[in-house]
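My entries follow, with the cut-offs written beside the terms.

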Amino acid sequence: MIKSLTDEQLVETAVAENPDAFGEIVKRWERKIFALCFGMLGREDEARDAVQETFISAYRNLSNFRGEAKVSSWLHRIAVNQCLTKQRRTKTRSETYLDDEENAEERVFVAPLHSSPARVAEQKERLTHVRQAVNALPAELRQVIVMKEFEELTFQEISEILALPLSTVKSRVYTALKQLRMKLERTSLEVV
Amino acid sequence: MMNENHHHKNCDFSETLAAYLYGEATRIEKAAFESHLPDCAACSEELAAFSGLHVAIGDWKTKEFDPLATPAIEIPYPVSSPVADSSLSKGSWLSALRQIFSLSPAWSLTAATLAVLLIGGLIALALISSNKSNELAGTNKPQIKTTPTPAETAPKAAEPAVSPKPADTPTGPTTVRNPVSSETPPATNPPVNSRQVRTPNTPRAARNENNGRKNAEPNNRYKNEQLPPKAVDEEEEDDSLRLAELFDEIGTE
């Protein structure tokens, strides 16, 4: 019954204090929102907190959802705001966590079984640079590139979620890629 | 290293390049871009670089994000709905009992079924015992006649007449007169018509017989109330006699 409902119908049902309806919303979007938060923040622990806070915030503001936008757009906006807030807080707490290589060492890295240690180290370094470059992008560029690469959304879907014209989304993705390329070239890392 | 300002000075394929990279360009866009690429080194170089970035970000996702389990989201739902809150807020023994029943619906259903069966059994026992006591009372006490009929006042010659039978007598011949009814005082009671005689205690067979007669003889209801009830054939004869008398009286006048 609940599974056949649209996101918008689920919100209506959840507003009528049916926890199952909101549970279904969480089930549908948690992975994508987690991907967005991970791409935006670059850290698993931060991303987990951000996802949790995103859904709690959404649940607390269910009655404020007016149905003018899609539920997916609404959730993404909350998630992006959560990530930006979290990043701001983290930056005020310490200089920056992006260059914290101790934390980078703790991150999960799945290397191919037959890779040499040198090759593994090289791959790891490369990923660290990519992550740092993405995290250094302006928020409006970072969110589109993360939605494209991590959530694998189409331009049209991103356009609907962010309520932006399709051409603006394409343009932002292009600009994001261009800036990433510049940043990575500055770190003398040949991506290509 | 490429000159950043060089690209797209003379061509405007930035959006198409992004769409082409992710395989979302329309057929027309794709054809136009592919025909443009051989003539534009900057676009070709940029496409190659972006393609490498796309792979690199994909690697990052595959190696660092994909192995991660989706976090278990804990939503602080209210402990119970407002309706439940109002009934359970007092924390009384009743609320505790309700909670137990709400937790074990199968158990509560079984208990409810047993209770219904028990109540039903008690009602059945009560009915059986009351019937037995009625039977015993019927053997010791004279039966009370509820609706005396003028038939009791009529001479024995007018018999047999249809009369109601007591409820507990078996459905036998309907023409047998109730012997108890003859013992009641006759003339002081107001006369009743045949419809009034059909009390709820009339056995089904007798009622059916009466109904059949009513359908066959609709004039029965108009018969004189002063006349004693008679047998079916006599009643019909009696009506015709009375009508004849009336016509005679009119004729004489």
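I looked up the neighbours of A:Asp7 and found that, leaving out residues up to four places away in sequence, A:Asp7 touches A:Ile25, A:Arg28, A:Trp29 and A:Val71, where contact means heavy atoms within 4.5 Å. This is a predicted model, in which local features need pLDDT of at least 70 and side-chain atom pairs count only at pLDDT 80 or more, while totals for chains, interfaces and linings use all residues. Side-chain values use heavy atoms, without hydrogens and water, residues are numbered from 1 along each chain as its sequence is written, and chains are lettered from A and ligands numbered from 1 in the order in which they are written.

I noted that A:Asp7 counts as buried because its relative accessible area is 12% (buried is under 20%, exposed over 50%, partly exposed in between, with a 1.4 Å probe and protein chains only). The side chain of A:Asp7 makes a polar contact with the side chain of A:Arg28 at 2.8 Å (a pair of N or O atoms within 3.5 Å, where within protein one must be able to donate a hydrogen and the other to accept it, and residues adjacent in sequence count only if both atoms are side-chain atoms). A:Asp7 and A:Arg28 are 21 residues apart in sequence and 8.9 Å apart in space, C-alpha to C-alpha.

I then turned to the largest nonpolar core, which has 80 residues, with A:Leu75 among those with the most contacts inside it (buried Ala, Val, Leu, Ile, Met, Phe, Trp, Tyr and Cys residues joined through side-chain atoms within 4.5 Å). A:Leu75 touches, among others, A:Ile25, A:Trp29 and A:Phe55, not counting residues up to four places away in sequence.

Last, I checked B:Leu125, which counts as exposed because its relative accessibility is 57%.
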